[in-house]
Amino acid sequence: MKNISFKIDGRNCTAEKGQNLIEAAKQNGIFIPTLCHFKHLNPLGSCRVCTVKQNGKTLAGCTINVDEGIDIEVNTPELLDTRKAILEMMFVEGNHFCPSCEKSGDCEMQNLGYETGIRYTRFPHLFVDRIVDARPERIVVNQNRCIKCKRCIEEIFTNDGYRVFNFTNRGNKTVVSVDYEQEAKLSEKQAEHAMHICPTGSILVKGKTFSKPFGDRQFDNSNSDKNISLHDIKKHKSTNKKKKRIATTSLAGCFGCHMSLLDIDLGILDIIELVEFNKSPLTDIKKFTKRCDIGLIEGGCCNTDNIEVLREFRKNCDILVSVGECAIWGGLPALRNTISLEDCLKEAYLNSITSEEGETVIPHHEDIPKILNKVYSNHEVVKIDYHIPGCPPNANHIWNVVKNILFDEEYSISYPDFKYD
Amino acid sequence: MERKRLLTRLWQFQNDFGYIPQVAIKELAEELRVSKIEIEGVISFYHFFHLKPTGKYIVYLNNSIISEFKGYSEVKASFEKETNCTFGEYQKPLFSLFETSCIGLSDQEPAALINFYPFTNLTPLKVKKIIEQLKNGENIVKIADNPSSKIQFKPEEDKTIFFRNYKLGESLKSLKNNTPDQLLKIISKSKLEGRGGAFFPTSTKWKYCKESSSLKKYIICNADEGEPGTFKDKALLNNLPGLVIEGMIIAGYITGATEGIIYIRAEYMYLINMIENTISKFYEKGLLGNDIYGIQDFNFSIEIQIGAGAYVCGAETALIESLEGKRGEPRIRKHFPTEYGYLGFSTVVNNVETFALAARIIELGPEFILNIGTKESKGTKLLSISGDVAKPGIYEIEWGITIKKIIELSQATSPNYIQISGPSGECINNTEFNRKICKEDLSCGGSIMIFNRYRSIVQILENFITFFMVESCGICTPCRAGNQIILDKIKKLKRGICTTKDLTDIKNWGKIMQQTSRCGLGTFSTNSFRMALDKFESYFNLKISKCDADCEIEFDMESAVFDYDQLIKTTQ
């Protein structure tokens, strides 16, 4: 094959004529993210995460074959944002609960989320109820996580050439369905192959999901994870006489983020030299006594009290930060968002095994908060200035962010500090 | 069995059993040597195929915006009441009720298909009568309505192209004395462009196919007219099926193709007998078959393929996939169908109107056409006009006609919002009525929906976005997820808790969908919405709270606690 030269973002590149752009870019040291493109498979052009520009026109990069003199734009601010938006669409369309996902750390989509720096999604989460299909012999298909990339459909065949997966339905109801009969013919190795090519945790092989422990997985970057250091705090002591004030609260969360807050060990001694806590479970101050510089919110809003507290925080704090997955988009409490409130409460209080018919009621009293129809993310209720993802975020990371916000320092968050789980 | 017969076979099962039973799926899978899920994948893509038993009478009620404004919800309620069935459910032996997107009867809405027979201008009273008659076992053929659309307007005699006298085979006389090259030159000279809405030069397309070294070539007539508000192809097939067929034969002669396929949407099932009869007439007269007109080795045949309910199959590569017996997912933009089309062969796909016009060009000569229209748009155009007008129907207009004139001709009352070329087209407001329908100004695929100032624009846009969400093929992220996300915003808009920021979001997000979608469906789905936000700014400003970038977010506490309050009320 003939070698040709072409340009990416003005940089000269060479590749074989007709080579796929994604591969060609990679060889030239340029990364174009993609979730559906897969080695020998024909370009599928389904995920659109590889969107690039050629002659001012947006195109899926995986559908371009390089040719002499073509000029491709990849990393312009606009394209970076567009690709990020498509990933965000995937996050809101499915129900991606990283903290409870078996594939976390091994998930290409999660990794791209880190790579592109998604802290929260600009789109509202859709919370569509989807099934987890455990009927197949070897695998479990979790529709909550499927992004319809089509890889498994095009790649997984039985030895006698039958498809195991296929799309069914259409439009927003499109799902990847399994042919149970054919799936049963897959060897253990073939099934594991299906799991590995799935860019999310949608296809899992029964009994094989935890074969590699969390922390050692391909996208974990585990070494650096432990090494997030608490940035130097002491230097601020002399320059800042007045202590900054912080308020914290846990709404629909588990207090895990607060635990993490305290997880800086002796660092806390340095921090209280710089800041004082106002309203916070840490101080047990119930009401704001002074205006605060920063409010740290753990958890989302699941009841009317959460909304009130959050609004109060907005009123009394200059800067609000959502800390952790639940605060950012609902997190684990939002597992209920795909089910109607009626079903949830009836199941919990009226139809549970321990409740006797006619003997139990759904709790309600003017003094107890009302349960909302779904768990809301904080930025759906008030304006939130910053988001710190993680479940929980690393203690040092939280304080680094807080410190940098308080003292107005530029701070770019490197990949290993980023976590959704 | 060949895979390309799959849709036809599925129709047989659907018609014989009212659904496609598991045994049939097994049988088809074995015949085709594919897994059953592949067959199910095809069945579930098309909404006229069912996997569960349906009743003796299947009602498909149109839920397009025109229908909505003309009494859809009352008619729907009436169907449910009279049949004692629920829409979308499979339970009763006699009736099954489903919604469907536009069925090409926008001039006679609300309309429904019952076992694919048309019932138009429905009212609750009329529904009651129809259901009674069906229950009494009356012949459905006898009680069905005439679906013909009225031809409301055509230009003066010497400017009418389509709806003039038609004599079967007239255009084909030229074949004998002209070489394919000469005919192509005539088509090229007349500047014929694809009338499906893309306006790609027809002669270029035919030339690509002609020059292709493909072993076999196909001419496909795209009669999958699914764009809501469009019914002009239906009118052509109904009134001038021969003209369309002649156009296909001419295309075959020019390109060297020997097989033609008319891919017609199932919504027009009632036209098929008549089209088949016309095709037979052509065979009888030696205008189809072998050595047509005695021209040696000029062989051309035409068959009909019925779609099964999927708007996206109107996109040419999706249509080809569908013809091949697959899910109608548009192909990636890599090859023209003239390079790699149906079954991998060079294929010409053209709209019904394009073929009809090609036949007229050959019959009347290019000068006739070139004298009509504007500089860029030559000849006349068929428009389907519907909405708040006294005279809905088919209009043959000369390119360059103003919107004002259309409003006058169709006797529209207080027009305010006009949708050009259907939901994927564009909208105009009442300051733009001087604009002209032509390439230089407002290009139009064939549908004009006129809404008066009492109609809710949000309702129009909600209907459009819902349509795209349901009709998306589902394969690419921005279209599949994007339409759901935009719909979420519309719901917020309706609840009255939107701010200026939400409208900016819609514009930005719509643009992302436009840039990144795989085919035209996602590309154009938010087009009208984004336009409407600017063109009807004062309307939208009344629906939102205006604020700068730093404003308070509105949170609808009332609706957030509504479910809980209701539940407590009902369980105490």
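**Figure 1. Domain 1 and domain 2 of chain B in the predicted model.** The centres of domain 1 of chain B and domain 2 of chain B, taken over C-alpha atoms, are separated by 27 Å. In the domain assignment, domain 1 covers residues 3-45 and domain 2 covers residues 57-143. The assignment continues along chain B with domain 3 (153-370), domain 4 (380-452) and domain 5 (458-541).

**Figure 2. Helix 9 and helix 10 of chain B.** Helix 9 of chain B spans residues 180-189, and helix 10 of chain B spans residues 202-211. Their axes come within 8 Å and cross at roughly 155°. Because angles over 145 degrees count as roughly antiparallel, helix 9 of chain B is roughly antiparallel to helix 10 of chain B. The crossing of these two helices is left-handed.

**Figure 3. Residues at the contact of helix 9 with helix 10 of chain B.** From helix 9 of chain B, the residues in contact are B:Pro180, B:Leu184, B:Ile187 and B:Ser188. They meet B:Thr202, B:Ser203, B:Trp206, B:Lys207 and B:Lys210 in helix 10 of chain B. By class, this contact has four nonpolar, three polar and two charged residues.

**Figure 4. Chain B as the setting of the views above.** Chain B has 24 helices and 14 strands. Its radius of gyration is 24 Å, close to the 25 Å that the globule rule gives for 572 residues, so chain B is as compact as a globular protein of that length. Taken along the principal axes, the C-alpha atoms of chain B fill a box of roughly 85 × 60 × 45 Å.

Notes. Residues numbered from 1 in each chain as written. Chains lettered and ligands numbered in written order. Predicted model: local features only at pLDDT ≥ 70, side-chain atom pairs only at ≥ 80, totals over all residues. Axes fitted to C-alpha atoms, helices over the stretch in contact; angles between N-to-C directions. Helix = DSSP H or I, 4+ residues; strand = E, 2+ residues; numbered from the N terminus. Parallel < 35°, antiparallel > 145°, perpendicular 65-115°, else oblique. Left-handed = near helix turned anticlockwise from the far one by under 90°. Contact = placed C-beta atoms within 7 Å. Nonpolar A, V, L, I, M, F, W, Y, C, P; charged D, E, K, R; others polar. Domains from an automatic or database assignment. Rg over C-alpha atoms; globule rule 2.2 N^0.38 Å.
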